[in-house]
Amino acid sequence: MKDIINNELNDNVDGVLDQSTDTMHQLGDDVNPKSLLVKAYGLANEQFANSAGPHSVATNAVVGDCRGLVGLLSKLAVPFSDIKCNDSFPYGFGDPISTSIYYPSDISNLEKLPVINFVGGILSNQGHYTEMITHWASYGFIVVISSNFINSTIAMHLLGFLSLSKMNRDPDSPVYGKVDLANSIVAGHSAGGHATLRTASLSDEALAMVDSDIDISGALSIEPGPLAIGGTVKKPTLLLTGLADVVVPPFTWPSLWMLPLIKKVPAWGATALTATHYSPVRSLENNEFAGITTAWILYMGKGDESAKAYFVGEDYKLSQDKQFIQGKLNPMRVSRNQLAKELV
């Protein structure tokens with residue numbers, strides 16, 4: 001199927017790459033046009049990814065070096081990165097369905113914290129996303145990551161909510177009484193990205209079947225798979241893609257039946273010039289999405305004014321960030337729908 005898509009859209013690819021040439025030249029000698037593997041740069045990465053947030057992070061996750069055949073293959077797919085794995089099957093002999101949480105280590109001294117409910121890509125392991133989700137937690141969030149190795153439906157997000165709901169009521173839990181389910185962000189990468197859009201399409205009544213306190217404030221879809229449509233999404237959404245992503249080409253479903261159809265709620269879209277499909281599992285310095293995703297969760301989850309500036313206002317910073325494709329004539333340019341433009 002990928003060959004068919006590539007053949008049909010070959011002309012579109014050439015056009016996008018041609019329109020991005022000027023931006024590539026602006027990056028200087030650090031860019032390798034063959035691999036597009038460069039350090040993350042731009043406004044959001046400089047502000048939100050170069051250093052951790054104010055909290056050290058604790059977790060119940062047990063991760064280590066990726067071993068076994070599948071683990072070794074994941075390390076080959078993401079070279080030059082200290083990628084981690086837990087023992088969930090087929091990366092180990094543990095249960096293939098697993099859930100872990102990351103949270104500020106000083107949580108006992110804090111008020112209730114907003115939630116990030118994250119699901120990774122198909123065939124991925126929870127440990128792959130350790131750096132990114134630890135970084136988010138350092139800014140004062142409880143991050144739950146769930147996986148069943150497929151991660152393509154709403155099931156893992158619902159499992160994440162259910163797990164947090166139980167821990168919030170368990171006096172022996174480290175997050176007892178500290179989980180603000182009424183301020184939740186659903187997020188995901190690849191298969192988890194299209195699952196995010198589907199979870200953000202659920203009714204309040206459906207979510208209440210898990211816990212009546214659940215209220216989703218925003219959605220973060222990173223390089224989503226094709227199994228969702230934008231027209232059903234009910235929550236403000238940031239959809240991110242990568243120009244060097246051959247698994248989720250940004251000019252296919254994200255630009256066809258996802259972002260353009262999100263009209264009931266504010267929505268933003270951006271394509272990182274050098275990002276591949278594996279950027280979210282790389283170290284922060286090589287993850288083009290590290291900064292802007294942190295800005296998004298701070299805006300959605302905490303109303304942070306410095307983060308809000310990336311999404312709201314006539315001269316919103318996302319439209320000025322050189323990490324992402326800009327230009328009025330480029331179809332992959334940073335964009336936002338009418339409802340997002342009207343926000344103040």
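Colleague: Which conventions apply to the numbering and to the confidence of local features?

Modeller: Residues are numbered from 1 along each chain as its sequence is written, and side-chain values use heavy atoms, with hydrogens and water left out. As this is a predicted model, totals for chains, interfaces and linings use all residues, side-chain atom pairs count only at pLDDT 80 or more, and local features need pLDDT of at least 70.

Colleague: Which residue does a disulfide join to Cys66?

Modeller: A disulfide is taken as a pair of cysteine sulfur atoms within 2.5 Å, and by this rule the count comes to one. The S to S distance in this pair is 2.0 Å. The partner of Cys66 is Cys85.

Colleague: How many residues apart in sequence are the parts that Cys66 and Cys85 tie together?

Modeller: Helices (H or I, at least four residues) and strands (E, at least two) are DSSP runs, numbered from the N terminus. Cys66 lies in the loop between strand E2 (64–65) and helix H5 (68–77), whereas Cys85 belongs to strand E3 (residues 84–85). The pair therefore ties together parts whose separation in sequence is 19 residues.

Colleague: What is the handedness of the disulfide of Cys66 and Cys85?

Modeller: The torsion about the S-S bond is about 90°. The disulfide of Cys66 and Cys85 is therefore right-handed.

Colleague: Is Ser152 buried or exposed?

Modeller: Buried means under 20% relative accessible area, exposed over 50%, and partly exposed in between (1.4 Å probe, protein chains only). Ser152 lies in the loop between strand E6 (142–147) and helix H7 (155–168). Because its relative accessible area is 14%, Ser152 is buried.

Colleague: Which residues is Ser152 in contact with, leaving aside its neighbours within four places in sequence?

Modeller: Contact means heavy atoms within 4.5 Å. With those neighbours within four places in sequence left aside, the contacts of Ser152 are Ile122, Ala191, His194, Ala195 and Arg198.

Colleague: What kind of aromatic pair do Trp268 and Phe311 form?

Modeller: Rings of Phe, Tyr and Trp (its six-membered ring) pair if their centres lie within 6.5 Å; planes under 30 degrees apart count as stacked, over 60 as edge-to-face and the rest as tilted. By this rule the count comes to 11 aromatic pairs. For Trp268 and Phe311, the centres are 5.8 Å apart and the angle between the planes is 80°. The pair of Trp268 and Phe311 is edge-to-face.
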